[in-house]
Amino acid sequence: MISRRSFGRALGFGTGAAAVSLAGLGSAQTASAASGAPLGTPAAHTGFPRLKQVRAGLLDVGYAEVGPAHGPAVICLHGWPYDIHSYVDVAPLLAAQGYRVIVPYLRGHGTTRFRSARTFRNAQQSAIALDVIALMDALKIEKAVLAGFDWGSRTADIVAALWPERCKALVSVSGYLVTNREANLNPLAAKAEYAWWYQYYFATERGRLAMQDKDLRRGLTRLVWDTVSPTWDFDDATFERTAAAFDNPDYAAVVIHNYRWRLSLADGERRYDALEKRLAARPVIGVPTITLDAERDPFTAPGDGASYRDRFTGAYEHRTLAGIGHNVPQEAPAAFAQAVIDADHLLGK
């Protein structure tokens, strides 16, 4: 299997070398997935060249941007407890293929700030999705490929479902993640509930206080990394680069509200009621889509994508990544980048 480091040297990152096709790498990783060999390799990059800020809707959004300014846009969305570094190796792979890659900090993370101290620190799903629309408007991006995992998958799914004219194609880890709060009131099997331990911790005052305490927060999020990515051999420096994003002054409020809202333990805002009503109906997604399941992710549903296949009505492919855990883009960046490129060309097949 081609490693990330050797592939980076082949592309000549930082040397001005011309971009090459990812086709060979994609086939190599597909073969690895089929054989059960792990797709993850040591990280080739540790950061982005520089960060930018832009006023977008309710936020002053911090984001990384790589690739040609006039290239086709790809917006990569991170999850929890992660940040833009989940895409630190994906972004240069896509940039080398001519894409303009935008990787924003979600609300409450990193350098993204609320523009007003009076704004409710809301993290319900429709509010975060509207952040992406506002960012696209601010950057004058009419249409983009959207790619994400965890909170990022949910957000990308919602944009694709409600504003398909803004989404050229979609890559969604774990498939269809639009939250149905009524369904969330029903208990799951014990093993599934066990994986969600922190969601219930956050429903308590103890959990809220833990998220406000820097040391306890780091210990909790590091434990989540260890348990949901059991095969990922990351080092302390990799975790700390991301954990710095958790020092955002609104981080605890946003995270706690997100998980409490999902369990109907916290209210959203009435201005989003119409959108949430549409989302409760589980709208289908008609844009070209590739869904990714990570074999070692405890949140991956059984059935190889069968449980959500009917939610995708356009051109579609599903892939399972053997040996990979929850943080798919950082654990298997080449496979993730290949999925973005392939989703962008699904209609041409």
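Which helix and which strand each supply at least two residues of the lining of the largest cavity? In this predicted model, local features need pLDDT of at least 70 and side-chain atom pairs count only at pLDDT 80 or more, while totals for chains, interfaces and linings use all residues. Residues are numbered from 1 along each chain as its sequence is written, and side-chain values use heavy atoms, with hydrogens and water left out.

Four cavities of 30 Å³ or more were found in a search of the whole structure. A cavity is a set of points on a 1 Å grid over the protein atoms alone where a 1.4 Å probe fits but cannot get out, and its lining residues have an atom within 4 Å of a point. Volume is the space filled by probe spheres set on the points, which are joined across faces, edges and corners.

The largest cavity has a volume of about 80 Å³. Its lining includes L59, V61, D131, V132 and L135. Strand β2 (59-66) and helix α4 (125-138) each supply at least two lining residues, and α4 gives the most, with three; helices (H or I, at least four residues) and strands (E, at least two) are DSSP runs numbered from the N terminus. Eight lining residues are nonpolar, none polar and two charged (Ala, Val, Leu, Ile, Met, Phe, Trp, Tyr, Cys and Pro count as nonpolar, Asp, Glu, Lys and Arg as charged, and the others, Gly among them, as polar).

The second largest cavity holds about 60 Å³. Helices α4, α5 (151-162) and α11 (251-262) each supply at least two residues of this lining, which has four nonpolar, five polar and two charged residues. Among them are I128, W151, R154 and W261.

Methods: On a 1 Å grid over the protein atoms alone, a cavity is a set of points where a 1.4 Å probe fits but cannot get out, and a pocket is an open set with protein on both sides within 12 Å along at least five of seven lines; lining residues have an atom within 4 Å of a point.
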